[in-house]
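Take a look at the sequence and the model, then read on for a guided walk through it.

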Amino acid sequence: MTYSGGRMLLSSQREGQVSRFNVWVAILVPLAALLFQVYVPTFLHFLSFLEMPLLVVVYLGLMRRNPVSGLLVGAAVGLAQDAWSGTGSPLGMFGITKTLVGYFAASIGMKLDVDNVLMRFILAFFFYVFHQAFYWVMEHALLSQQSPFDLPGWLGLGVLNALVGVALFHFLDKLRVTAR
Amino acid sequence: MESFLNRYRNITVLLLVIFAQLVLLAVDAKNDQHVRFIRVWTVTLVSPLARLMEGMRGSSIGFVHNYITLHDSDAENRRLRAENDRLKLDKVFLTNELNRAENAKALQIFQQHTPSKTLAASVFSTGIASSRKVVYVDRGSSSGVMREMAVVTPDGIIGKVTAVYPTAAEVLLITDRMFAAGVVSGKTHAHGTLKGTGTSQCKVDSVAFEDKVDPGDWFYTSGDDRIFPRGMPVGVVKSVKPGQPYREITLDPSGMARGAPDDVLIVIEGVHQDIPDTPPANQQVYLAPPPPPLAEPVAGTEAAPADGSQPAAPAHPTPGTEADKARALYQKTADSEDIVLGGGATGQNIKRPPDFTKLPVDPRTVPQGRGAAPPAPGPAVVPPAVVPLQKKGTEAPIPTKSTAPATPPDAVRRANQAGGGPGGPPQL
């Protein structure tokens with residue numbers, strides 16, 4: 001399997017690949033990401049900066065190149081993350097945020113060469129910052145909660161998550177079923 | 001519609017999913033007051049709309065009610081007019097009550113400080129006949145009112161009682177044509193007769209041509225008529241025209257300056273007073289505090305006699321009332337003859353009565369103007385400045401040592417002449 005490495009923009013949608021995944025992959029991968037997000041930081045606190053559900057949603061949205069599919073995946077993963085987060089995050093906070101991330105990722109995936117490593121890094125970094133900023137906006141606007149606007153922290157963690165995301169995306173590429 | 005949904009399918013699904021999650025979030029989350037956000041958001045969203053709709057509804061109803069239908073404006077207008085009329089009447093009534101209270105207060109002050117004994121009365125009716133200027137007061141014979149009693153106010157004389165009933169009395173006003181009273185000018189002491197003219201003004205007759213009277217001069221009662229005590233204000237001269245043999249003087253009665261008063265004073269027992277040198281000030285009465293008591297007897301004052309009689313008055317003229325001044329004159333005369341007054345009829349030192357013909361003449365008792373009688377020859381009596389009036393038909397009182405008040409020589413003479421009573425000097 002070879003990926004185009006010279007261009008980042010596609011001349012037409014027909015140029016982009018539409019990745020397909022088995023059903024068990026589409027279910028187990030987000031589930032594994034959620035379990036990682038819930039349990040791993042409990043034991044390995046230094047890994048709490050990772051936003052594995054977000055990376056999975058971004059990956060699935062980019063690869064499926066279908067906005068409806070991407071927003072539904074984002075909504076499902078986000079609601080499940082809300083449900084596992086207990087009272088700290090009301091139902092819908094992560095759901096709405098990841099719905100938008102999935103939608104925008106799928107929309108951007110139709111325009112960009114998402115197999116490019118640099119592009120993956122940039123997109124992962126961008127969506128992480130977008131995810132954190134939009135969550136902060138919703139906390140202020142909908143829940144009237146006062147949380148700090150830590151943009152430098154978000155940028156730094158965005159880089160870390162983007163690095164992890166590039167590796168994760170490379171691993172998940174092994175699980176897709178490519179069809180042109 | 002179907003093509004619209006197909007064209008915007010992605011964004012439509014996105015909005016639906018986000019809206020559903022917003023509802024879920026609103027149901028699940030609570031604010032600080034433990035109120036679910038769906039309730040908070042609903043109320044926050046609906047309240048402005050409801051307020052806007054309520055404002056539009058109220059404005060519409062108000063516009064229709066105030067500018068279109070006007071179904072009850074006429075009745076409300078009539079009601080407001082009636083209420084306004086009633087309030088005006090109430091205001092007039094209260095204003096009259098306030099004026100009445102002020103007049104009553106002025107009467108009370110005047111009654112307290114005038115030496116004459118007076119009786120307050122209220123005017124409750126006026127005479128029916130237009131040719132007569134009479135009023136009726138609510139005091140009659142049961143209150144001690146008799147005919148020919150003077151009726152006054154602090155501003156001046158009002159009239160005299162012409163008829164008495166058990167509970168009312170008829171008062172002939174000074175503006176009536178039948179009214180007459182003796183008056184004297186305050187500046188030149190020119191005597192005359194006040195007469196009503198049937199109008200709001202009066203005239204003063206019998207003022208000789210040679211007597212000087214100017215507009216603005218005040219006239220006071222002279223006491224000659226034995227009805228009004230001397231010294232009460234009558235009015236101010238409005239115009240003076242030369243005439244033969246008398247001047248034609250028009251006078252504005254001060255007591256009737258504001259029309260017939262509602263409250264008056266009936267002089268039950270009049271006391272003559274001096275004619276003021278200055279016009280009466282139409283102001284509230286101010287009483288200065290009493291002077292402090294003397295620490296030691298004034299030089300020239302005799303000590304009290306050993307027999308317990310009254311201490312003698314000081315030899316020099318002392319300030320005080322007219323009675324005090326007269327007493328000082330008597331005492332001075334008695335001292336010059338080495339006679340102790342007040343020792344009683346059985347006093348050991350009374351060998352002869354004092355010669356009161358040697359009394360010094362008080363310039364204020366010298367009558368002036370036309371009609372003033374010269375001092376009586378022979379044994380004369382120099383009385384105090386005030387004396388109670390004796391009503392007609394009653395026996396003139398004989399001043400005694402205990403009653404003290406005496407009458408000026410000319411006043412005594414006129415009183416005796418007018419009343420026809422026994423003459424002669426009163427005994428001391």
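**A walk through the predicted model**

Two stretches of chain B call for caution. Residues 297–317 stay under 50 in pLDDT, and the model gives them 22 contacts beyond four places in sequence. Residues 363–428 are also below 50, with 107 contacts in the model beyond near neighbours in sequence. Where pLDDT is low, the predicted coordinates should not be read in detail. As for the complex, the predictor gives an ipTM of 0.78 and a pTM of 0.40.

Now find the barrel in chain B. Six strands close up in the order 1-2-5-4-3-12, with antiparallel pairing. On average, neighbouring strands in this sheet are turned by 45° against each other, ignoring direction. Helix 4 (residues 73–113) of chain B packs on the sheet, where it touches strand 1 (117–126), strand 3 (150–153) and strand 12 (263–269). The direction of helix 4 makes about 20° with that of strand 12. Val161(B) has Val171(B) in strand 5 as its bridge partner.

Val171(B) turns up again when you look at the nonpolar cores. The largest one holds 46 residues, and Val171(B), along with Val152(B), Phe219(B) and Ile266(B), touches the most other members. In soluble globular proteins, nonpolar side chains tend to be buried together. What does Phe219(B) contact, leaving aside its neighbours within four places in sequence? Its partners include Val183(B), Val184(B), Val204(B), Val234(B), Val237(B) and Leu251(B), and also Ser185(B), Gly186(B) and Gly235(B). There is also a second, separate core of 45 residues, with Met63(A), Phe104(A), Leu112(A) and Ala162(A) among them.

Finally, see where the chains meet. On one side are 13 residues of chain B, in contact with 15 residues of chain A. Which element gives the largest share of chain B's side? That is helix 2 (residues 9–28) of chain B, with 10 residues. Sorted by class, chain B's side has nine nonpolar, three polar and one charged residues.

How values were computed: Residues numbered from 1 in each chain as written. Chains lettered and ligands numbered in written order. Predicted model: local features only at pLDDT ≥ 70, side-chain atom pairs only at ≥ 80, totals over all residues. Pairing = 2+ DSSP bridges. Helix = DSSP H or I, 4+ residues; strand = E, 2+ residues; numbered from the N terminus. Axes fitted to C-alpha atoms, helices over the stretch in contact; angles between N-to-C directions. Contact = placed C-beta atoms within 7 Å. Nonpolar A, V, L, I, M, F, W, Y, C, P; charged D, E, K, R; others polar. pLDDT = per-residue confidence, 0-100. Core = buried A, V, L, I, M, F, W, Y, C linked by C-beta atoms within 7 Å. Buried ≥ 20, exposed ≤ 12 C-beta atoms within 10 Å, placed from the backbone.
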